[in-house]
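Hi everyone, thanks for making time this morning. I'd like to walk you through a two-chain model, so let me put it on the screen.

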Amino acid sequence: MDNKIICRCEDLTEEEIRQEIRQGARTLDELKRLTRTGMGPCQGKTCRPMIMRILAEETGVRLEDMVTPTVRQPLVPITLGDLAHEEN
Amino acid sequence: MKKTAEVVVIGGGVSGAAIAYNLAKRGCKDVVVLEKEYLSSGATGRCGAGVRQQWGTEMNLRLSMGSMRMFERMNEELEYRGDIELTQTGYLLVAYNERQWEQFGKNVELQHQFGLDVRKLKPREAREVVPCLNIDGLVGATYCPTDGFCNPFHVTQAYAEAAERLGVEIETFTTVTGIERNNGGISGVVTDKGKISAPIVVDAAGGWSQEIAMMAGLELPVYSERHQVMITEPVDPLFAPMVMSFQHGFYTQQTPHGSIIIGMGEKDLPHDTDVRASWQFLHKMSKLITWVLPPLEKAKVVRQWAGMYNMTPDKTPILGAHPDLEGFHMALGYSGHGFMIAPMVGVLLAESILGLPASLPMDKLDVGRFQRGELFVEPSVV
């Protein structure tokens, strides 16, 4: 068992990511939805390169061919109060 | 990919997966599910994840209450390796005018007839359920403690894996490009990866269901519109139930994970399949939600997204066979509440396709109702 933490926001280990790929996940989007990797405060900025490397090792898909999840605002977490008080 | 099948299900959302599982469970195992991206990549995986039973019509009450019973034992029934994360922390529906409050009263009467535990609360009592609720202008609220939250990705995955164990084939990243007909019936489905001959097709394509129907030469009275959602980082427990207002069209719930989901139905949206997220939504939504639940001011938004509601003229789904094309079955037009009734829809569609006795009469939800002018008016939709 490899217990290295890969996704710090959601506390996911390398082994958990590899398990999910062995169960059939083939894309970053599937891994995100099944394990929550990339859904935390960093939105994948920390973990994504590592997850992509693991996915490449497990599936043989080249990094440059990998489809990445859609990047949307906000780029950094922002409080609802700041959003509510800011003028359009 | 198989060259022939008994049934081809188009759409790898919760509906398609639940229908495939229920077909296989009843012995019809020669089934293929076609999904153009990955499982729950469409409306299912983009929904607000709420499961409620507080509806205003008998049909929706029976669909949602029956589905809740199934969610409650789903991990065991589907022998899921994960967890569908059902948490029954209730739904609090808030009324801001007398007319709405009167409607809530009628709904509660009907709900009680069906044995649903739901209570009418005065504003002060509503604040006992959600202590941080701003009760300015609130007339009353109804609260059902057994409504709640469930994880749409895992429910879909659980159905899909159980279906596969029974022999169903699931083809992801496979796009349907055509439907072939012969003498009044269906002969097959064409995809970008080849053709499958099949006499029965189920259109469970969510936001694209009208496009699939068009491939079979059928025009459906449905359209898709974009609805947006945002989510905060996980915070300490702040409120338990889903809080929902039909007046403002918003809903918000703290998930078991601690993050708070906030969504809203906007007016006058374009009828298309656009799922881009907008800044305007973040502004509008944050102004409204910090007024309703002031402590949310301090919560940080980490992500926003959008998904499609597949809308029918009466905001109630179309279920069952199409009268003009033998072998074409529909599970579509959920109008924003497909996830929470999917377990029952899976059972009903399988029964209808296989000609088995129906667990509940769904003929009122046929596509013919729009031509007959027998609209099914559900008073409780965001």
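By salt bridge I mean a side-chain nitrogen of Lys or Arg within 4 Å of a carboxyl oxygen of Asp or Glu. Both residues sit in helix H1 of chain A, residues 14–22, four residues apart, or about one turn of the helix. Over all chains, the structure holds 21 salt bridges.

Before going further, a word on what we are looking at. This is a predicted model, in which local features need pLDDT of at least 70 and side-chain atom pairs count only at pLDDT 80 or more, while totals for chains, interfaces and linings use all residues. Residues are numbered from 1 along each chain as its sequence is written, chains are lettered from A and ligands numbered from 1 in the order in which they are written, and side-chain values use heavy atoms, with hydrogens and water left out. On confidence, pLDDT is the predictor's own score for each residue, from 0 to 100; chain B has a mean of 95, and 100% of its residues reach 70 or more. For the complex, the predictor gives an ipTM of 0.90 and a pTM of 0.95.

Now, chain A. Its C-alpha trace spans about 50 × 30 × 20 Å along the principal axes. There are four helices and three strands, in the order β-β-α-α-α-β-α from the N terminus on. Helices (H or I, at least four residues) and strands (E, at least two) are DSSP runs, numbered from the N terminus.

Most residues other than glycine have a negative phi, and most peptide bonds are trans. A:Asp11 has a positive phi, near 60 degrees, and lies in the loop between strand E1 (5–7) and strand E2 (12–13) of chain A. Then there is a cis peptide bond between A:Gln73 and A:Pro74, with omega about -10 degrees. A:Pro74 belongs to the loop between helix H3 (48–59) and E3 of chain A.

That brings us to the interface. Counting contact as heavy atoms within 4.5 Å, 33 residues of chain B touch 28 residues of chain A. The two chains bury about 2900 Å² between them, 57% of it from carbon and sulfur atoms; buried area here is the accessible area (1.4 Å probe) that two parts lose on being put together, summed over both. On the chain B side, B:Tyr38, B:His283 and B:Arg303 lose the most area to chain A, together 21% of what that side buries.

H9(B) provides the largest share, seven residues.

Strands pair here if DSSP finds at least two bridges between them. Strand E3 of chain A, residues 78–79, runs antiparallel to E17(B), joined by two bridges, and A:Thr79 stands opposite B:Lys300. The open sheet has nine strands with mixed pairing, in the order E3(A)-E17(B)-E13(B)-E16(B)-E15(B)-E14(B)-E4(B)-E6(B)-E5(B). E3 of chain A and E5 of chain B stand at the edges, each with a single partner strand, so one side of each is left without a neighbour in the sheet.
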